[in-house]
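User: I am new to this structure. Please take a close look at one part of the model and walk me through it.

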Amino acid sequence: MRTRCRCSRATATARSSRCATSTRGREDLAIANGGSAGMDGASTVSVLAGAGDGTFGAPHAFAVGSVSSALAAGNFNGDAISDLAVANSYSTTVSVLLGTSVGSFPAALTLDVGLNPEGLTTADFNGDGHPDLAVSNAGSDSVSVMLGNGDGTFQPPLTFPAGAAPVFVTTADVNRDGKPDLICANYGAHDYYSATVASTVSVLLGNGDGTFGLPRTFQAGPGPHGIAVGDFNRDGIPDLAVADLGPYPNRATTVAVLIGAGDGTFGAPRFFDAGHALTGVAVGDFNRDGVDDLALSSGGDATVSVLLGNGNGTFAPKASFGAGSSPKSVAVGDFNGDQIPDLAVADHWSDTVSVLLGNGDGTFQPRRTFETGRNPAWISVADLDGDGVQDLAIANWFATTVSVLLGNGDGTFRYGVQFGAGAAPEKVVVADFNEDGQPDLAVANYFGRSVSVLIDTTYTARVATPSFSPAGGTYVGGLTVTIGVTTQGAVIHFTIDGSAPTLASPVYAGPLPIGKTTIVRAAAFASGMTASEVAQAAYVIKAFAPTFTPSSGTYVESVTVTLASATGGATIRYTTDGSAPSASSPAYTAPIALARNTTVRAIAVASGMAASDEAVAAYHVRVASPAFSAPGGTYDQPQTISIRTTTAGATIYFTTDGSAPTTSSTVYTSPISIPRTMTVRAIAVAGGMDDSAVSGATYTLQAATPTFNPPAGNYLLPQFVAIASASPGVTIYYTTDGSTPTTSSTRYTGPILVVMTTTIRAIAVAPGWSPSAVAAARYTFLVQ
């Protein structure tokens, strides 16, 4: 943390890093011991070897440049041994110390950079396989990039402009081109007690050859102090969370979230209230929903603020959980082995560490406190004694000590063991500095202008921790798990019953079929080495979701639905009332007959497995279409028709004017008379069902063709000819001159006297009816 509460910024700060500084397989610590700008400026780096049992050896100091303020580790000469690079704030240099196999360093190699180098990061900026360095120069408003040669030397620095007083630099591929980019936090002042600060972060896109483009500046709130990279909206594109320290004395109270566009640009900041005097930030999935959340130590409120991510780049309002007085550092771990993230907070003015066990839903239990040395300032989490349980290492500001609290595995810790460090140890980190396989401690001593490193000199090397493929997670139906270890000759023992693996546990001989929800735990053993840490992976196996036959759709009157799951022995639970199915819902035992519109929701459950994903099918059941007792057609008599539907309880609505029927149309109650040409259309309606399709029939009434009496023929005597039609109420029109009759022709009123050869033609007509066909009769008189 950059905010200081006891001295001006002219006094140097100690920074720490971790690397392997010997070939013993153990992690050690390296610490930059900042010098004073007002004194001779001499600085050192201290290396402490870890003993592997939670204790550490005496610190070893190595000279570097003036006022060392930042430290990074890397393998700069390709000898498989970690080296150190130190940013010397007031000497405008970077010192590079090449590591040896015994955790010590020869004389430093010094590299010139800009003024007041504050931030330091390492990556392969030119793609040659060698680690390079990037330093943010707060006094030069620039970033210096030094390309590594792979032998511990570097090419002359390339300098690129950044923002105002870049106090922090990190690297990520923000435009997704496979080349590392730089992101700087621009505090805007060289004094952290300044009342005026900047409000931006700068992004320098890498070209892949060690050069960078001009800075792209994005707003990020007052006095950006630190940057964390995450994916807060789950689009696979890096986003930024920026801790806003703000000006002195009115510090900022927000964290700024900048959503990445994937092309190296970021949207406008979204600000979220995160407490007051924020001194630390950590990222974790505290409610186990697969979304990044934030935890911040709020020094002014004596709380820890937790902001749960919504997965769309926004966060829920902060939830505050009590800590001790002036919390200075927050770390994430799993202190009780339940696979749920917990929090550990260094309570600066309480001389305690607060442990908040996570509930897995984003909330935390009340803090448990454990004594530390005086004024704990920084906290780190690691397994320091090789028992597979996470422990705590705490830098005690006024006690000149480091407290090691060994975990019991249930969220509690044993009384802290104190180890001497320099004056005002501010930060502690854990690493294997001499490559002996065991964790060591590095402590930044703020007033001591030093870094203390405690190196393990007695503990045996540890077997590498086994790994699982695929990783723990949720899978459908089952999977096959492979366990591997990188230590040659190591034998893996595993358990699937939750117990800790031992040499008596089954030996891993090949991929494991996992068909039920299982926690696999594994440890690797090798002769002459300490057993590995226990690796654990939780596999949640879901049953296959049910399937529906037939599928969703529209069916007439009813449909019978069959449910099935590919998981053998699974029970299907379902609902038809729209509610979500659960283990207490009805069990499916036989096909389901549906006679109404119904949404079927179902899950499959099986012993030892998680419930399947929910399957849903929507069935629309339609009323059967109405049917008419007489089909549409041409009739010469009035008709009476009945309408019916086979759907019980349905109501029929009809029209006789050809319009579409609705529920506002006439309700069918009795047979319908058809006295003239008419189109009848009908629908059937029933509650809980879709309306039927519209049925229709057109009834055409056509007058019957007239008939003649006597019929046409040869006659000797005159005849009286009568004309008639079988259709009721018709009017007959006729002609005797052979022309086609119309309604303008002679109207038939009675028998016609025919005295000579004559052809009579006639039609019958009626209102609303079609005219009859023309009838004709020829009467021929024979001459005697």
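How many bridges join strand 22 to strand 23, and do they run parallel or antiparallel?

Analyst: This is a predicted model. Six bridges join strand 22 to strand 23, and the two run antiparallel. Strand 22 covers residues 278–284. Strand 23 covers residues 293–298.

Now turn to strand 24, residues 303–307. Strand 23 is joined to strand 24 by five bridges, again in an antiparallel arrangement. Here Leu 296 has Ser 305 in strand 24 as its bridge partner. Strands 23 and 24 form a hairpin, with four residues between them. Ala 302 lies in that turn and has a positive phi of about 55 degrees.

Next, the side chains. In a regular strand they alternate between the two faces of the sheet. In strand 23, Asp 293, Ala 295 and Ser 297 point one way. Leu 294, Leu 296 and Ser 298 point the other way. Both sets are buried. Buried here means under 20% relative accessible area. Because six of the six residues of strand 23 are buried, the strand is largely enclosed by the rest of the structure.

Finally, the setting. The protein has zero helices and 68 strands. Of its 784 residues, 53% are buried. Among contacts with a separation of 6 or more, 53% are between residues 24 or more positions apart. The accessible surface comes to about 30600 Å², and carbon and sulfur atoms account for 53% of that surface.

Key: Residues are numbered from 1 along each chain as its sequence is written. This is a predicted model: local features need pLDDT of at least 70, side-chain atom pairs count only at pLDDT 80 or more; totals for chains, interfaces and linings use all residues. Side-chain values use heavy atoms; hydrogens and water are left out. Buried means under 20% relative accessible area, exposed over 50%, partly exposed in between (1.4 Å probe, protein chains only). Two strands pair if DSSP finds at least two bridges between them. Contact means heavy atoms within 4.5 Å. Accessible areas come from the Shrake-Rupley method with a 1.4 Å probe; for residues, only the protein chains shown count as cover.
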